[in-house]
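Take a look at the model below.

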Amino acid sequence: MSERRTIWIFRDYLKCTGCRRCEIACSLQHEGKIWPEASRIRVFMLVPGAEIPHLCAQCHDYPCVASCPVNALSVNDDTGAVLIDKEKCISCLKCMDACPGNIPFLHPGDNKIVICDLCNGDPQCVKVCQDARFDALLLLRQRGIKDITKKLFAQKPEDLTEDVATNIYGEKAEELI
Amino acid sequence: MPRGYAGKFLDVDLSSEKIKDTVFADKILRSFVGGRGLAVKILWDRLGKKWRSVDPLGPENVFLALTGPMTAIYPGARVCISGKSPQSNGIIGSTNSGEFPSELKCAGYDGVIVTGRAEKPVYILVTDDRAEIRDAKHVWGREAPETIRALTKEVRETLANRKPRVGIWRDPGLIYCGPAGENRVRTAAVMQKISHGAGYGGYGAVMGSKNLKAIVAKGRKSLPDVASPGAVKLLWQEVDKRLTRKDRSWPGVWGTGYGGYSVGARSSSEPVRNWQEEWHDEKSFGGPKFDFRYWVKRYWSDFNCGAACMKLAVIKTGPYKGTFTDNPDYELEAYLGPNLGIFDPGKCIYLSALIDYLGYSGINGPNTMAFAAELYQRGIITKEDLGFELKWGDVEAFEKLARKIVKREGIGDILAEGTYRAALKISKMKGVDVTKYAVHVKGVEIGAHGTRSGQDYEPIGYACSVQCGDHTSGVYDAYRDMRMIFLDSAVVCSFCDSDLLWDYYRAITGWDTTEDEWNRTLGHRITHIQRAALLLGGPDIIWDPAVHDDNPPRYYEPLPSGPYKDKTTDKKTVEEMKKEYYEAIGWDERGIPKSEVLRKLGLEDVDNVLEQLRK
């Protein structure tokens, strides 16, 4: 039985401009207005020049889904995205603790968990990044949703920042982190 | 409540440590909008009657950091910094970009108004609908990278402790002053991120004079609601499309950093050795030399900006290894390059980063440094005055000079007063008139665009501007030039300007303001108040329009080299244009706003105060 192709958002941190138009596109799509802290993708700027778009990596084993005590999280078979049942969510943040990158967070409005839903297969963040030919976000198509490499992208912003800053600044990065 | 606004302003008195929210009536906001316009209104209402006696570096001055209704919702988010200027003694609106303005609005504030003076160094932390004054002893004296690092870390930790279970806290946005501001150097900038200076006006010194190191904001709310959400979404997409067009070399692909060669070589309007020349053809200083060797990010940007005029430059080898900054953009590239006799990209990047790290305005500061170098070239100041030789092109010497000025050490204390005030002092000290080498208009050092070749800026662009030497807000005809005042008041970046600006403004605010109303009425009102403050001036310098509504003497010397050799600014043309401009804007033959014009605009209070000048 052949597996379907699913999408996945690759992040090329060295190309992130820090324009945060991904947050604008995301919040316009999901909230109907510009709301950076409700955006499913959040760019961390802990070190100047090392801008880190932080969003769900759709780990092959979905530790967040497994951790949820009330079964509020599920996986969309078509896209591989984690979906949230806001009615069920009790805002316990167990999914954030279970995520290797602590990526989920609480929506500043309704206080329920926020995780990227891949815009049902057509991610707006990737679109605006590509429209401006910044290409920090790329849409990859993969066979199935079980690629174990994806989980390696679920990292804490501090760790990603350290790597990217070292890549850009070399030894100097130690002084900046 | 009008749309596009968070709805309140934070009003902080550092002397009494009192913090309150201030709200402005809709009518005031519709007229003055925000940013520069509203700053002018606030300053006039609070200080207008005693303007002349207000010391810009005294506790009575008001420091303003204001956004506008379009800020962060329209591409190119900026904040407008203002107050009584320690450079012009008038009001300058100086903007810079970064994450601070969007964070401030998301925290529920449209701006911060600071009066008084803290007893010891502090910073103001603004979070969702609250603010506090916090100790800044540990960052006082620190340069940009350390300040950003320390405050980012501290604020994230504080917020995580207060609200640990909402997810990982992001970095806040901040504006801050560097060591230059702390030491009240009149050419100190208010900085944002690593390399964004709001330099014109010298408001870094105002922050320093208030013992205010930084204002830090982190908001979790949405940007303010708009009047027509559907229209704003469409307009955002349309403007964004224009800004990210793939066939534009500028500002996206080349940044402004390709100008360091071309402005000199093509239009002969780039400062070279304190404007003794405006032409050079140094291909070593070409855009690609910066680009191929130093730029590690071709597209670098701030909140809501697809134009991406910034480029991350990093020096990876040699004596300046570890230096990083933006571009440099054209202004710093020119002022810390050819204007200091430097034509080596690496050296220019190094000095440019240094000046930003020190919070020393990258246009105004090096203008003074080049002025000093010309005095050295002419033997008016010597090695004995400086403690070292100051030859054109000598990076080490210029670094020493910058640090001396920023610390106000020795002759640095005089140069820290800015080019014009330093020229007055040195003239007295040395018994020769050196004001003719000072390239400024009314105390504000001029941006890196000359008027002599006729290929770049208008002959009266600076001379009649209420922003003085500011290259971003020159005058033309009292109509077209109102657009820049609007951009500074709605507080969006002029590089993100578009044909959809006014539709966008109306879709956000729901107001019916037209461009024509702005250009004929609202913009003029702001200009007149700025003009009134500028003419009142004081306490140390009072400008005489007959003398000071003019270009610096250097702009009337013939260009000594290049394709426009012997060309210069025509004095007669300047006088004619000046007369026309006075008439168009509504100033009398002496340059004072006319009584009937002010009264027609409802500015009776301004008219009453100006009576003293008409005698």
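The paragraphs below go from domains to chains, then to helices and a single residue.

This is a predicted model, in which local features need pLDDT of at least 70 and side-chain atom pairs count only at pLDDT 80 or more, while totals for chains, interfaces and linings use all residues. Residues are numbered from 1 along each chain as its sequence is written, and chains are lettered from A and ligands numbered from 1 in the order in which they are written.

Start with chain B. Its domain assignment gives domain 1 (1-243 + 465-538 + 570-590) and domain 2 (246-445). Such bounds come from an automatic or database domain assignment. Taken over C-alpha atoms, the centres of domain 1 and domain 2 of chain B are separated by 25 Å. The two domains touch: 41 residues of domain 1 of chain B are in contact with 35 residues of domain 2 of chain B. Contact means that the C-beta atoms of two residues, placed from the backbone, lie within 7 Å.

Which elements give two or more residues to the domain 1 side? They are α4 (144-162), α5 (179-182) and α7 (229-243) of chain B. Helices (H or I, at least four residues) and strands (E, at least two) are DSSP runs, numbered from the N terminus. The largest share of this side, three residues, comes from α5(B). By class, the side has 20 nonpolar, 16 polar and five charged residues. Here Ala, Val, Leu, Ile, Met, Phe, Trp, Tyr, Cys and Pro count as nonpolar, Asp, Glu, Lys and Arg as charged, and the others, Gly among them, as polar.

Now bring in chain A. 42 residues of chain B are in contact with 38 residues of chain A. On the chain B side, α3 (100-106), α4, α7, β13 (295-300) and β14 (310-314) give two or more residues each. That side has 18 nonpolar, nine polar and 15 charged residues.

Next, find a helix pair in chain B. The axes of α13 (residues 364-377) and α17 (residues 419-430) of chain B come within 9 Å and cross at roughly 30°. Axes are lines fitted to C-alpha atoms, for helices over the stretch in contact, and angles run from 0 to 180 degrees between N-to-C directions. α13(B) is therefore roughly parallel to α17(B); angles under 35 degrees count as roughly parallel, over 145 as roughly antiparallel, 65 to 115 as roughly perpendicular and the rest as oblique. N367(B), T368(B), F371(B) and L375(B) in α13(B) meet T419(B), A422(B) and I426(B) in α17(B). These residues divide into four nonpolar, three polar and no charged.

Move to chain A. In α1(A), eight of its 11 residues are buried. A residue is buried if 20 or more other C-beta atoms lie within 10 Å of its own, exposed if 12 or fewer, and partly exposed in between, with C-beta atoms placed from the backbone. The buried residues of α1(A) pack against β2 (42-47), β3 (50-54), α4 and β8 of chain A, together with α7 of chain B. Just after α1(A), G32(A) takes a positive phi of about 75°.

Finish with I485(B), in helix α18 (residues 482-490) of chain B. Is I485(B) buried or exposed? I485(B) counts as buried because 27 C-beta neighbours lie inside 10 Å. Leaving aside neighbours within four places in sequence, I485(B) is in contact with R36(B), G37(B), G523(B), I526(B) and T527(B).
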